[in-house]
Amino acid sequence: MVCVSPALAKDKAKLRMSTPASATDQRCIALAKVFGPAVADFAVYEPHYNASLIAQGSELESIASGDLEMSITSAQELATFFPEFSIFATGYVHQDAAHQVRVFNDPLMAPFKQKVEKELGVKLLTVMYLGRRHVNLRMPKSELTVMKPEDLAGVNLRMPGSDAWQFLGKALGANPTPMAFTEVYTALQTASVDGQDNPLPTVVDAKFYEVTKQIVLTSHLVDLNYIAFSKAVWDELTPQQQTELQAAADAAAESSRKNQLQKEEELVSFLRQQGLEIYTPDLKAFREQVQAQYVGSKFAASWPKGVLEKINALGN
Ligand code: KDO
């Protein structure tokens with residue numbers, strides 16, 4: 001009998017992945033259960049959760065400098081290097097998870113992907129669905145009911161720490177406060193912020209429901225992340241391995257999308273059981289106010305001509 005020993009671990013590419021998310025986040029579960037095993041013949045997937053390896057927002061720089069191989073990055077983080085990425089971080093642009101996939105696979109994305117690859121040495125492999133972001137507040141509805149953007153006036157809303165995020169917080173009518181994801185639970189608990197915004201699965205996974213009282217279903221951003229991968233490592237792989245790695249990333253994204261969508265459906269009742277009040281505000285008022293803020297903004301000025309129309313045309 002011929003015994004073929006598997007390639008030694010030391011010959012395999014080590015793929016360190018850093019994220020502020022926890023191991024129980026659906027994107028992380030899919031990467032660990034679907035991506036890691038699918039590339040195991042030629043690579044060792046090594047996830048680092050809760051920003052324990054790299055601080056939130058520094059992952060792209062770390063990949064560019066060779067200190068990290070992978071991350072789950074956001075359009076907002078990319079916009080700090082390439083402002084035109086803010087188009088994918090703009091409130092009420094993406095309509096749902098399927099729209100995100102159509103946009104990512106459309107030729108309109110090619111110049112965006114090429115620029116990141118050429119100037120940062122980062123490949124954007126696939127798009128992951130994070131979910132519909134909603135406003136989640138410490139105070140009960142009896143103290144503050146949010147139906148319109150003006151109801152958020154003076155509310156200290158934690159938003160992640162880059163320009164594009166802060167702009168969205170202001171556009172919603174709130175007073176945005178930049179803060180790393182890993183600090184949000186304590187900030188809510190100690191009342192150093194009034195609230196935060198994230199999709200329902202994140203509110204549950206990070207246990208924000210323990211320290212908040214209401215969720216206003218603003219759906220202000222159908223949020224996404226890209227799997228960011230080191231171009232230098234990619235170039236070391238054989239064409240066959242590249243094909244397998246790409247397929248593994250797509251399969252992980254698909255699995256995580258399905259689970260995340262299901263969780264968004266299921267978690268409303270779980271959160272109500274936990275005592276949170278959940279309600280829908282005047283969505284037309286929010287959409288119109290947010291869209292109006294982007295018109296003529298420095299972000300809109302960076303969007304390549306015609307791209308917004310193409311994104312909209314890919315919608316439902
Ligand atoms: C957050 O900091 O609120 C955010 O939701 C921003 C996302 O882009 C993403 O980085 C996410 O955190 C983390 O992965 C934790 O879920």
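Which residue forms a salt bridge with Lys-298? In this predicted model, the partner is Asp-163, and the closest N and O atoms of the two residues are 2.7 Å apart. Asp-163 belongs to helix H6 (residues 163-171) and Lys-298 to helix H12 (residues 298-302), so the pair ties together parts that are 135 residues apart in sequence. Asp-163 is partly exposed, its relative accessible area being 47%. Lys-298 has a relative accessibility of 55% and therefore counts as exposed, since the exposed class begins over 50%.

The structure holds twelve salt bridges, and the one between Asp-163 and Lys-298 may be set beside two others. A salt bridge also joins the side chains of Arg-133 and Asp-197, with an N to O distance of 2.7 Å. Arg-133 is located in strand E4 (residues 122-137) and Asp-197 in strand E7 (residues 195-198); the pair therefore ties together parts that are 64 residues apart in sequence. Arg-133 is buried, with a relative accessible area of 2%, and Asp-197 is likewise buried, at 0% relative accessibility. Both values fall within the buried class because that class covers residues under 20%.

Lys-231 pairs with Asp-235, and their closest N and O atoms are 2.8 Å apart. Both residues lie in helix H9 (residues 231-236), where they are four residues apart, about one turn of the helix. Lys-231 is partly exposed, with a relative accessible area of 24%, and Asp-235 is also partly exposed, at 44% relative accessibility.

Helix H11 was examined for its length and its buried face. The helix comprises twelve residues (residues 283-294), which at 1.5 Å a residue should span 16 Å; the C-alpha atoms at its ends are 17 Å apart, in agreement with this expectation. The buried residues of H11 are Ala-285, Phe-286, Val-290 and Tyr-294. Viewed down the axis of H11, these buried residues fall within an arc of 160°, so they line one face of the helix. Among the elements that cover the buried residues of H11 are H6, strand E8 (214-230) and H12. H6 and H12 are also the helices that hold Asp-163 and Lys-298, respectively.

The two ends of H11 were also considered. At the start of the helix, a side-chain oxygen of Asp-282 reaches to within 3.3 Å of the backbone nitrogen of Lys-284. H11 is followed by Gly-296, which has a positive phi, near 80°.

How values were computed. Residues are numbered from 1 along each chain as its sequence is written. This is a predicted model: local features need pLDDT of at least 70, side-chain atom pairs count only at pLDDT 80 or more; totals for chains, interfaces and linings use all residues. Side-chain values use heavy atoms; hydrogens and water are left out. A salt bridge is a side-chain nitrogen of Lys or Arg within 4 Å of a carboxyl oxygen of Asp or Glu. Buried means under 20% relative accessible area, exposed over 50%, partly exposed in between (1.4 Å probe, protein chains only). The expected span of a helix is 1.5 Å times one less than its number of residues. The arc is that of the directions from the helix axis to the C-beta atoms. Contact means heavy atoms within 4.5 Å. A polar contact is a pair of N or O atoms within 3.5 Å; within protein, one must be able to donate a hydrogen and the other to accept it, and residues adjacent in sequence count only if both atoms are side-chain atoms.
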